Amino acid sequence: MIEKLNHVAIAVPDLEAACASYRGMLGAKVSKPQDEPDHGVTVVFVELANSKIELLFPLGDNSPIQGFLDKNPSGGIHHLCFEVDDIMAARDHLVSEGARILGSGEPKTGAHGKPVLFLHPKDFQGTLIELEEA
Ligand code: CO
């Protein structure tokens, strides 16, 4: 059911320093910061040949990234995003298998303008998983 790894998201406490590390030390192609007020994050995309890294920095007062950074002050891997063909079919399959969908259970529009869902980390070995319709 899951297909390509769309991105690995990393929560960062200092977006400029993170961009400098990826651009300068790792020699990666790094985008300009993009504010996503609906998701409470500012995102920077690091383009790789076969996938992407998303650097996430809190935006606004109720950012879902803030709690993560409070627990992990130097930052860390926040979630993995896998592509699926049909997000509603994927959701129905996951629910029938006993997996928990976060939030309302309905897809939201993600950072790439496509429908996304998040799955409960307790159902996946402590890893928050995002599914994105490709
Ligand atoms: Co994501």
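Residues are numbered from 1 along each chain as its sequence is written, and side-chain values use heavy atoms, without hydrogens and water. Because the model is predicted, local features need pLDDT of at least 70 and side-chain atom pairs count only at pLDDT 80 or more, while totals for chains, interfaces and linings use all residues.

**Exercise 1. The cobalt site**

Task: identify the protein donors of the cobalt ion and state how they are spaced in sequence.

Solution. 

Step 1. Apply the criterion: donors are N, O and S atoms within 2.8 Å of the metal (3.2 Å for Na, K and Ca), and water is not among the atoms, so sites may look incomplete.

Step 2. List the atoms. His-7 and His-79 each contribute NE2, and Glu-130 contributes OE, at 2.0 to 2.1 Å from the cobalt ion.

Step 3. Read off the spacing, which is H-x71-H-x50-E. His-79 belongs to strand S6 (residues 76-84) and Glu-130 to strand S9 (residues 128-133), so this pair ties together parts 51 residues apart in sequence. Helices (H or I, at least four residues) and strands (E, at least two) are DSSP runs, numbered from the N terminus.

**Exercise 2. The surroundings of Glu-130**

Task: decide whether Glu-130 is buried or exposed, and find which residues it touches.

Solution. 

Step 1. Set the classes: buried means under 20% relative accessible area, exposed over 50%, and partly exposed in between (1.4 Å probe, protein chains only).

Step 2. Glu-130 has a relative accessible area of 5% and is therefore buried. His-79 is also at 5% and counts as buried.

Step 3. Look for a partner of opposite charge, with Lys and Arg counted as positive, Asp and Glu as negative, and His and the chain ends not counted. A salt bridge requires a side-chain nitrogen of Lys or Arg within 4 Å of a carboxyl oxygen of Asp or Glu. Glu-130 has none; Lys-52, the nearest side chain of opposite charge, is 9.7 Å away.

Step 4. Collect the contacts (heavy atoms within 4.5 Å). Leaving out residues up to four places away in sequence, Glu-130 touches several residues, including the two histidines His-7 and His-79, as well as Cys-81, Val-116 and Phe-118.

Step 5. Continue to Val-116, which is in strand S8. Val-116 counts as buried at 2% relative accessibility. Beyond four places in sequence, its contacts include Ile-87, Pro-107, Glu-130 and Leu-131.

**Exercise 3. Helix H3**

Task: find which residues of helix H3 are buried, and where they lie around its axis.

Solution. 

Step 1. In H3 (residues 87-96), the buried residues are Ile-87, Ala-90, Arg-91 and Leu-94. They cover an arc of only 100 degrees around the axis, which puts them on the same side of H3. The arc is that of the directions from the helix axis to the C-beta atoms.

Step 2. Recall the geometry: an α-helix has 3.6 residues a turn, so residues three or four places apart point the same way.

Step 3. Identify the packing partners. The buried residues of H3 pack against S6, strand S8 (115-119) and S9.

Step 4. Inspect the ends. Asp-86 caps the N-terminal end, with a side-chain oxygen 3.1 Å from the backbone nitrogen of Met-88. After H3 comes Gly-98, with a positive phi near 95 degrees.

**Exercise 4. Helix H1**

Task: find which residues of helix H1 are buried and which are exposed on its other side.

Solution. 

Step 1. Leu-15, Ala-18, Cys-19 and Tyr-22 are the buried residues of H1 (residues 15-25). Their arc is only 100 degrees around the axis, which puts them on the same side of H1.

Step 2. Glu-16, Gly-24 and Met-25 are exposed on the other side of H1.

Step 3. The cover over the buried residues includes strand S1 (5-11), strand S2 (29-30), strand S4 (41-47) and strand S5 (52-58).

**Exercise 5. Salt bridges**

Task: state how many salt bridges the structure holds, and which residues form a network.

Solution. 

Step 1. The structure holds 3 salt bridges.

Step 2. Arg-91 pairs with Asp-92 at 3.4 Å, N to O, and with Glu-106 at 2.9 Å.

Step 3. Asp-123 pairs with Arg-100 at 2.8 Å.

Conventions
Polar contact = N/O pair within 3.5 Å; in protein donor to acceptor, adjacent residues only side chain to side chain.
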